[in-house]
Amino acid sequence: MVDTPGVGGLDVGLAKLATQSAQQACVLVLVCDASSPLTAPEMEFAKSAGASVDALIVAVTKTDKNLRRWKAIVEDNRRLLREHLHREVPVIGVSSLRAVIATELADDRLRAHLEEASGIAELRAREKTDIGTATRANPGTTSRQRRSAR
């Protein structure tokens, strides 16, 4: 997993560094918050960096702070990604607050329910599936090596 700087307010040099860093990964998780749909810089990053990875996932954070709008934001992001990237991209709403609270619960059933409601379980499962698919299909290679071999 490669962590890159954010892309919303970056200067050109940092945006280029983020894109280059993302090229080392097989799965890119683009993180944005639920206050508004993807911004133009985020969409441009998704387009350029997303083209160089095996899978792209968008995590929409702070769903707990935008209870009335987060589902609409997730749907808007799916639509925007489909229009701009011409492919389906999983967009998953997550709440780190709910996930943290879940870890502190003693009741296993309640903990599992709250973790599921937080979206973290879905995000984790999607990452695991996409990473597994990429590495099984191309063991021992990076996404850059696979692209250059095509």
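Everything described here belongs to a predicted model, in which local features need a pLDDT of at least 70 and side-chain atom pairs count only at pLDDT 80 or more, while totals for chains, interfaces and linings use all residues. Residues are numbered from 1 along each chain as its sequence is written, and side-chain values use heavy atoms, with hydrogens and water left out.

The chain as a whole contains seven helices and three strands, where helices (H or I, at least four residues) and strands (E, at least two) are DSSP runs numbered from the N terminus. Followed along the sequence, these elements give the pattern α-β-α-β-α-β-α-α-α-α. Of the 150 residues in the chain, 37% are buried, which means a relative accessible area under 20%, with exposed meaning over 50% and partly exposed in between (1.4 Å probe, protein chains only). Among contacts (heavy atoms within 4.5 Å) between residues at least 6 apart in sequence, 71% join residues at least 24 apart.

S118 lies in α5, which covers residues 108–118, and is counted as buried because its relative accessible area is 0%. Its side chain reaches the backbone nitrogen of I120 at 3.1 Å, and, leaving out residues up to four places away in sequence, S118 touches G93, V94, S95, R98 and A99. After α5 comes G119, with a positive phi near 85°. The meeting of the two helices involves E115, E116 and S118 from α5, and I120, A121 and R124 from α6.

Strand β3, residues 91–93, holds I92, which is buried because its relative accessible area is 3%. I92 and L123 are 31 residues apart in sequence, yet their C-alpha atoms lie 6.5 Å apart in space. Beyond its neighbours up to four places away in sequence, I92 touches I57, V58, A59 and V60, and also G119, E122, L123 and R126.

The largest nonpolar core has 23 residues, and those with the most contacts inside it are L28, L30, F45, L56, V58, V60 and L81; a nonpolar core is a set of buried Ala, Val, Leu, Ile, Met, Phe, Trp, Tyr and Cys residues joined through side-chain atoms within 4.5 Å. At least two residues of this core are supplied by each of α1 (12–22), β1 (27–33), α2 (40–50), β2 (55–61) and α3 (70–85). The largest share, six residues, comes from α3. Another core lies apart from it, with nine residues, among them A55, I57, V94 and L123. As for L81, its contacts beyond four places in sequence are with L38, M43, A46, V58, H86, R87, V89 and V91.

Some loop residues complete the picture. S52, in the loop between α2 and β2, is buried because its relative accessible area is 5%, and its side chain reaches the backbone oxygen of A49 at 2.8 Å. Most residues other than glycine have a negative phi. K62, in the loop between β2 and α3, is not a glycine but has a positive phi near 65°, and counts as partly exposed because its relative accessibility is 42%. H86, in the loop between α3 and β3, likewise has a positive phi, of about 60°, although it is not a glycine, and it is exposed because its relative accessible area is 68%.

Key. A polar contact is a pair of N or O atoms within 3.5 Å; within protein, one must be able to donate a hydrogen and the other to accept it, and residues adjacent in sequence count only if both atoms are side-chain atoms.
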